[in-house]
Amino acid sequence: MNASATPDWRDQIFEVLQDHDVKQVYHVPDAGHGKLIEACQRSNSMHTLALTTEEEGIPLAAGAWLGGQRSVLLMQSSGVGNTINLMGMPKTLRFPFLTLITMRGDWGEFNSWQYPMGQATPKVLEAMGVLLYSVETAAEVKATVDAAARSAFNGGQAVAVLLRQKLIGIKNFGKK
Amino acid sequence: MSTQKATLQRRPLVKKILEGADDNLLVIAGLGSSNWDITEAGDRPLNMPLWGSMGAPVGMGLGLALAQPKKRVLVITGDGDMLMSLGSLATVAAQQPDNLAIVVLDNEKFGETGNQATHTSPLNNGPTDSGAGTDLAMIAKGCGIADTGTVRDASEVAALVKDVRTKKGPVFRLVKVMVEKLEFVMPPQDGAHLKDRFRQALLGHP
């Protein structure tokens, strides 16, 4: 496939979020999500909020939904552990919740400190009743994030998309 | 650090804060005492009283304030809850929502678990009741919320009510309140019901 003719998957995620009328975007700094975060920050139709910890993203999403707005939480697998107690909120209040997670400790990870939470990420999310989607190739990103957004905003579910390290790339991690 | 004994009672205070609440006022209360306080003042669909999710009220208030910039959003919670999400004050400061007010009712205790000292209790207060003298208003200011204040006296309550109901946000007020044994006044517990009635009242659909 000709690389220059293939749209960047991070641009495609931005388009999907716009198509689904996502108005609030929560994030901590993240290299994997970096380009997407910058696109959201430049958008006139989105509030982009930097968090001090990923946990803040859940009550923010609850508040946005109470006020009639859709949101997304962008985080790394290492941040998932910070969210787990409040990850019960979408179930208790029954509100749509979407999170996109860049995986570490996953595919050829060099940093041993990333493995425990990276490997536990799908298990703890499942334990909290979060529906999981997983993407390993760029060609599947757009359709998967779109399906996840539909399950969340139309189906009323708490949904996480795991953007696997195989997709994000090992060697380029840390660079845009 | 606080050395004076608190004299304000939380229930009449919250009643005054919420007096005449109309469709323009959206209220989120933290779990435990703050929940019972707003409920005694009068349960209403535009109240979102939490039964759990400690550390969530300020974030919820911020998400709601950004989604509904024309409404007044008021977060009422306790010192224990606020201590669990100090970073959320920095996130509020980064957004500067002009329609958000946060009231922390500080009795220096974890009320729901048996009145153990929180970090806002004085530092050298005996073997089982010592905290750190933590000043939450100073933390809010340090996070970048310019309009903060501490209320201790009945003479300051009228100004407090006006500030949290009408002043340009973000507004943060720490209110030192007494430790009291009060009756539980409970709103509906079902979170989905509380959320749906709130959205129905605000948006016209659940």
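In chain B, helix H1 is followed by B:Gly20, which has a positive phi, near 70 degrees. The model is predicted, and every value below is computed from that model.

H1(B) spans residues 10–18. Its buried residues are B:Arg10, B:Leu13, B:Val14, B:Ile17 and B:Leu18. Viewed down the axis of H1(B), these residues fall within an arc of 125 degrees, so they line one face of the helix. The cover over them includes both strands and helices of chain B. Among the strands are E1 (25–29), E3 (72–78), E4 (100–106) and E8 (171–176). The helices include H2 (33–42) and H7 (157–166).

The loop between H7 and E8 of chain B holds B:Pro170. The peptide bond that joins B:Gly169 and B:Pro170 is cis. Its omega is about -5 degrees. Most peptide bonds are trans.

Chain A has eight helices and six strands. From the N terminus, the order of elements is α-β-α-β-α-β-α-α-β-α-β-α-β-α. The radius of gyration of chain A is 15 Å, close to the 16 Å that the globule rule gives for 176 residues; chain A is therefore as compact as a globular protein of that length. Along the principal axes, the C-alpha atoms of chain A fill a box of roughly 40 × 35 × 25 Å. Buried residues make up 48% of the 176 residues of the chain. Contacts in chain A were also sorted by sequence separation. Of those between residues at least 6 apart in sequence, 76% join residues at least 24 apart.

Helix H1 of chain A covers residues 9–19. A:Trp9, A:Arg10, A:Ile13, A:Phe14, A:Val16 and A:Leu17 are its buried residues. They cover an arc of only 160 degrees around the axis, which puts them on the same side of H1(A). Elements of chain A that cover these residues include strands E1 (22–27), E3 (70–76) and E4 (97–102). Helices H2 (34–42) and H7 (141–154) of chain A are also among the cover.

H1(A) is followed by A:Asp21. This residue lies in the loop between H1 and E1 of chain A. Most residues other than glycine have a negative phi. A:Asp21 has 12 C-beta neighbours inside 10 Å and therefore counts as exposed. The cut-off for exposed is 12 or fewer.

A:Arg94 is another residue of chain A with a positive phi, near 50 degrees. A:Arg94 is located in the loop between helix H5 (89–93) and E4 of chain A. Because A:Arg94 has 19 C-beta neighbours inside 10 Å, it counts as partly exposed. A buried residue needs 20 or more.

The two chains touch. In this contact, 24 residues of chain B meet 24 residues of chain A. On the chain B side, the elements that give two or more residues are helices H3 (57–67), H5 (87–95) and H8 (191–203). The largest share, eight residues, comes from H3(B). By residue class, the side of chain B that touches chain A divides into twelve nonpolar, ten polar and two charged residues.

How values were computed. Residues are numbered from 1 along each chain as its sequence is written. Chains are lettered from A and ligands numbered from 1 in the order in which they are written. This is a predicted model: local features need pLDDT of at least 70, side-chain atom pairs count only at pLDDT 80 or more; totals for chains, interfaces and linings use all residues. Helices (H or I, at least four residues) and strands (E, at least two) are DSSP runs, numbered from the N terminus. The radius of gyration is taken over C-alpha atoms; the globule rule is 2.2 Å times the number of residues to the power 0.38. Two residues are in contact if their C-beta atoms, placed from the backbone, lie within 7 Å. Ala, Val, Leu, Ile, Met, Phe, Trp, Tyr, Cys and Pro count as nonpolar, Asp, Glu, Lys and Arg as charged, and the others, Gly among them, as polar. The arc is that of the directions from the helix axis to the C-beta atoms.
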